[in-house]
Amino acid sequence: MKKTLYNNVKATFKSKWLQLTAIGIIIMMSSLIYTTMSYSVSSLEMPTMAYLEEYVQEDFSIEVLEIMTVQELLEQHIKESIPPGIFTLNDLRRYDQALFRALITDRIEAVENIYPYLELELRELKQFYYNHAGQNHQALLVKDAEIINLSYIEKGIKPEQDHEIAISRIYAKKNSLEIGDTLTIEKADYTISGFVLFPDYTFPMFDNTFLIDNSMQTLILTTENTFQAISGHNIYRLSGLIAEDKKDDFKSQVIDTIYDQPELDFVLSVVLTENQMRSGAIYDELKGGRVFSLGFSIIIAGIAMVMVSLLVHRILKAQRAQIGVIRALGYKSKEIAIPFIIFILLLVLPLLIVGYFIGLLAAGPMRDLYLDFYLLPTEALYQNWLVFTTAIIAPLLVFVILSVLIIHNMLSIKPLDLLNPDREGEVNRLTRTANYLLKKVRPKTKFKYLYILKNSTKFFAFFTGILFSTILIFIAFAMNGLVERMTTATFENTEYQYQAYIDITKGLPVIQEDQEKFLSYPNAALGKISLTAMGLEIDNQLYNLYNDKGENITRKIKNGVVVTKSLSIKQNILPGDMLDISIASRTYPLEVKGITEDYSADLLYFEIEALSNMVTGGKDETLFSGIYTDQKPTGDFYAVIIDKEAIADQALLMQRFMDYTVNFFIAISCLIAVLILFVLTTMAVEDNYYNISLLKVMGYRKKEVNAMILDSYLIYTILSFLISIPLALIFLSWTSDFFTTNYDLVFPFEIRLIQILMALGILLAVFFAGTWNAKKKAAGISLQETLKAYRE
Amino acid sequence: MIALKDVVKTYKIGPVETKALKGITLTINEGEFIVILGPSGSGKSTLLNVISGLDTPTAGSIKFRGLELTDYNEEQLTQFRREHLGFVFQQYNLLHNLTALDNVRMGADISEAPLDSKEVLAKVGLTDHVDKYPYQLSGGEQQRVSVARSVVKKPSILFCDEPTGALDEQIAKQVLGILEELNQKLGVTLVVITHNKGISQMADRIVKMNSGNIEEIIVNEQKIAAEMVGWG
């Protein structure tokens with residue numbers, strides 16, 4: 001008899017194989033996602049933390065004025081040593097290394113004198129573009145440090161000869177470069193001596209633009225001579241360490257006071273590493289990865305648990321009479337329950353284990369995906385008991401406990417009661433309320449909306465699942481075009497091909513007919529915020545400004561200032577606002593005349609003559625720092641030439657990656673939604689088996705019956721879709737605020753009407769795919785079913 | 001109204017073939033009250049299924065007002081049931097999430113000229129129960145809702161399969177009274193399947209079935225009222 005019990009449960013489970021398969025995929029996904037994320041994150045976390053400590057990651061960094069302050073220019077030894085026209089640190093460095101070093105030492109000492117518990121070191125970097133394999137690549141040359149942010153050679157050796165360089169491992173991998181290979185930069189060949197990492201660049205964000213494609217950009221370590229020989233845009237900042245006992249007070253004692261120190265007027269900003277995208281984003285990424293994996297898996301596992309519980313409950317309900325007979329024959333509850341528990345274990349355990357091992361296999365590629373963007377050391381993946389327990393044992397226990405509770409509940413009914421057909425239970429409060437609200441509508445419409453509410457657990461699983469899937473689809477859509485908006489959207493509206501910065505030490509070039517001047521002043525300030533001011537020719541052809549409606553607003557710089565969207569969001573600036581902008585130690589009240597649709601940088605646009613006047617204190621309105629042109633400029637007058645295509649190439653690759661991510665998210669969302677709809681609508685048809693038969697007998701047409709049973713799912717799917725729109729927008733707004741507040745970075749997430757319609761289209765397609773089986777099942781229900789006395 | 005000629009229904013389960021109806025010929029007239037009587041397995045439910053279009057015969061002809069039902073496809077049969085038929089079952093088959101009134105309105109909804117749902121509920125004595133859910137009603141009350149649901153759409157024929165099978169005598173007689181009134185006052189043709197011989201005393205004709213055949217058709221000259229029906 002006991003064998004018969006097992007065979008009976010086996011046959012029951014077998015008859016539900018399609019629903020069990022769908023639930024099984026969901027169960028597997030929960031274990032898979034958790035294992036993948038946990039192992040990929042932990043294989044990065046431990047070596048990263050050790051590396052950042054051993055190689056002395058900066059605690060904070062200070063952005064400094066790239067020009068000399070009035071005070072510095074008046075210093076006797078500088079005043080007597082440099083010719084007029086040299087006022088930037090770059091110019092000074094090119095003109096006289098020793099003077100530059102002395103000035104930097106003075107700046108460091110000025111800070112350390114006021115804050116003796118800080119230790120500072122100059123961080124020198126050089127950003128430039130070069131051609132590799134027919135494409136424009138970007139590099140950040142990093143000068144080897146002595147105290148803070150030490151270079152870490154992952155493989156090979158540090159460059160010892162001038163023709164040697166160390167590059168990022170991921171860049172080498174993506175460009176099929178090995179140690180010993182040659183990389184050509186500015187027509188000179190360099191041998192790769194090793195792969196290098198820098199603690200202040202765990203994320204390859206070289207400037208404010210969001211170009212982070214490691215296949216087209218690399219960090220480079222060279223010898224001192226080579227660092228000097230390669231031309232590029234110099235970046236200077238101070239890296240800092242805080243004495244251990246002062247770390248907690250850093251904000252109040254340093255950040256809040258440093259701008260008020262008159263001796264430190266060269267300080268533009270002080271940013272803690274945890275708020276610095278290039279160095280600190282990894283901390284949030286690792287933490288986020290763990291939270292995401294756990295949260296995502298819990299939601300999916302939760303949905304699976306509800307569905308397993310519903311299925312077990314339904315199976316038991318269908319077996320009510322048999323259970324009654326078996327109990328009447330004298331079998332103990334335990335004997336009846338054990339076959340069910342064993343089959344649930346046989347269903348859930350292998351799937352959790354399969355999910356775990358697929359997750360383990362996927363963890364490597366997932367970690368590599370992290371390493372596509374983060375510059376971190378890595379180690380082999382090791383399994384650990386905590387992940388194993390969380391991925392398998394914990395959900396298994398919950399599944400079993402839930403099932404035991406449901407089985408116990410059924411077995412606690414007296415055998416005699418089990419032998420009688422189950423009378424339909426009471427109508428719950430939700431149904432009564434909905435019935436009251438729908439009192440004016442036709443009964444078949446009422447039936448359509450009410451029966452789904454009868455089982456609130458099922459309704460909750462369905463609604464949550466669809467909501468979750470739809471939010472994922474929206475987030476995926478919001479990422480569509482994100483990189484483009486953050487990088488090249490502005491450039492696409494401009495006509496220039498090259499942006500060239502002049503080398504002031506070589507004299508001024510003669511401007512050709514097809515060239516247009518610009519003036520870049522990197523040290524303008526709005527309150528305590530450092531900004532770059534850009535002077536443009538008012539009637540220029542190559543660099544026009546456009547607002548969000550696509551209107552050309554270049555001429556608005558005539559009597560005021562135009563700001564970028566990124567800046568307007570961060571500082572809450574609106575057209576018509578008056579800004580007090582400090583330039584060269586003077587403050588100018590200026591009206592905001594317009595906002596240009598540019599998320600790539602925080603810029604203030606001026607008329608070039610007006611900016612020149614401000615920079616020179618009204619002495620000269622002809623100053624310029626470079627040109628825009630559509631022909632590559634020749635001659636030695638230019639220190640840096642930036643090809644617009646280089647940025648476009650990088651953005652294109654990034655966008656392609658983003659598109660893959662978007663499609664992946666949409667596919668996962670659709671899969672979850674299809675599985676949920678498949679299982680629940682099939683259950684709905686089974687639950688309404690006799691009602692469907694009755695409706696058919698009464699003369700309701702097939703279409704009407706399907707509508708009554710399945711359309712409510714459609715309506716609630718659309719309702720959950722509508723609710724998901726504000727929820728997705730809130731989530732995106734929160735994410736955007738998080739990055740703006742913590743990393744000073746604006747993420748222009750955007751959900752357009754067409755995307756909302758596309759999401760609806762996807763969801764409807766998912767609905768029809770998911771309910772296909774239910775319709776088929778409903779069509780197959782015979783009319784005589786309604787005549788049966790005992791109903792399973 | 002309905003004419004059956006040589007109707008055969010065979011069920012095949014694996015290699016076993018069972019003849020549930022073995023060539024039935026029967027005519028049902030407009031406004032007639034017919035009781036089909038017979039023991040379990042005699043084929044009375046199968047007969048009801050094929051007459052009402054719930055099932056198709058294996059052979060033979062079924063004509064409704066001259067139209068051959070066996071030529072109808074599924075859609076046409078649905079339309080036929082929708083326009084002309086009503087059903088009352090032993091199981092009340094109410095929709096549990098809807099109130100008594102809404103259950104009746106479910107029947108009215110598919111009729112082009114239905115009766116007023118509230119009035120029909122009043123006729124079956126459920127004026128005070130219109131807003132109650134099925135679980136709040138007794139078995140007899142549920143069956144009366146079921147009758148009201150079938151009647152509200154003004155069917156030409158009402159098929160009742162053991163309509164009092166789950167009710168006690170007193171409640172059963174109330175339900176039978178309602179059916180009687182429908183037949184006599186509204187002219188609804190009634191086909192009632194039962195194994196309760198007492199109910200047959202209310203009918204115009206009694207069709208006795210056995211082993212898939214009509215054993216006997218008795219014309220009842222002395223019809224009695226529902227309350228006079230002998231029970232047990």
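## Terms and model

Buried means under 20% relative accessible area, exposed means over 50%, and partly exposed lies in between, with a 1.4 Å probe and protein chains only. By that scale B:Arg105, at 22% relative accessibility, counts as partly exposed.

This is a predicted model, in which local features need pLDDT of at least 70 and side-chain atom pairs count only at pLDDT 80 or more, while totals for chains, interfaces and linings use all residues. Residues are numbered from 1 along each chain as its sequence is written, chains are lettered from A and ligands numbered from 1 in the order in which they are written, and side-chain values use heavy atoms, leaving out hydrogens and water.

## Chain A as a whole

Let's begin with the overall picture. Chain A has 26 helices and 19 strands; these are DSSP runs numbered from the N terminus, helices being H or I with at least four residues and strands being E with at least two. Along the principal axes, its C-alpha atoms fill a box of roughly 110 × 55 × 50 Å. Of the 792 residues in chain A, 56% count as buried. Among contacts in chain A with a separation of 6 or more, 79% come from residues 24 or more positions apart, a contact being heavy atoms within 4.5 Å.

Chain A exposes about 34300 Å², and carbon and sulfur atoms supply 58% of that area; accessible areas come from the Shrake-Rupley method with a 1.4 Å probe, and for residues only the protein chains shown count as cover. The chain carries 71 positive and 87 negative charges, whose mean positions are 21 Å apart. Here Lys and Arg count as positive and Asp and Glu as negative, without His or the chain ends, and each charge is placed at NZ of Lys, CZ of Arg, CG of Asp or CD of Glu.

## Salt bridges

Side chains of opposite charge can pair when their charged atoms come close. A:Lys143 is buried at 15% relative accessibility, while A:Glu224 is partly exposed at 37%.

Another bridge joins A:Glu244 and A:Lys247 at 3.4 Å, N to O. A:Glu244 is exposed at 64%, and A:Lys247 is partly exposed at 33%. There is also a network of salt bridges linking A:Lys16, A:Arg314, A:Glu686, A:Asp687 and A:Lys777.

## A negative patch

On the surface, A:Glu495, A:Glu513, A:Asp514 and A:Asp630 gather in a patch of negative charge. Patches are made of residues with over 30% relative accessible area and no salt bridge, joining like charges within 9 Å and nonpolar side chains (Val, Leu, Ile, Met, Phe, Trp, Tyr) within 5 Å. A:Glu513 lies in the loop between strand 11 (498–502) and strand 12 (515–526) of chain A and is exposed at 86% relative accessibility.

## Chain B around Arg105

In chain B, B:Asp102 forms a salt bridge with B:Arg105, the closest N and O atoms being 3.0 Å apart. The two are separated by about one helical turn because they stand three residues apart in helix 3 (residues 100–108). B:Asp102 is buried at 2% relative accessibility.

B:Ser117, in helix 4 (residues 117–123) of chain B, is buried at 9%. Not counting residues up to four places away in sequence, B:Ser117 touches B:Leu101, B:Val104, B:Arg105, B:Ala108 and B:Val152.

Methods
A salt bridge is a side-chain nitrogen of Lys or Arg within 4 Å of a carboxyl oxygen of Asp or Glu.
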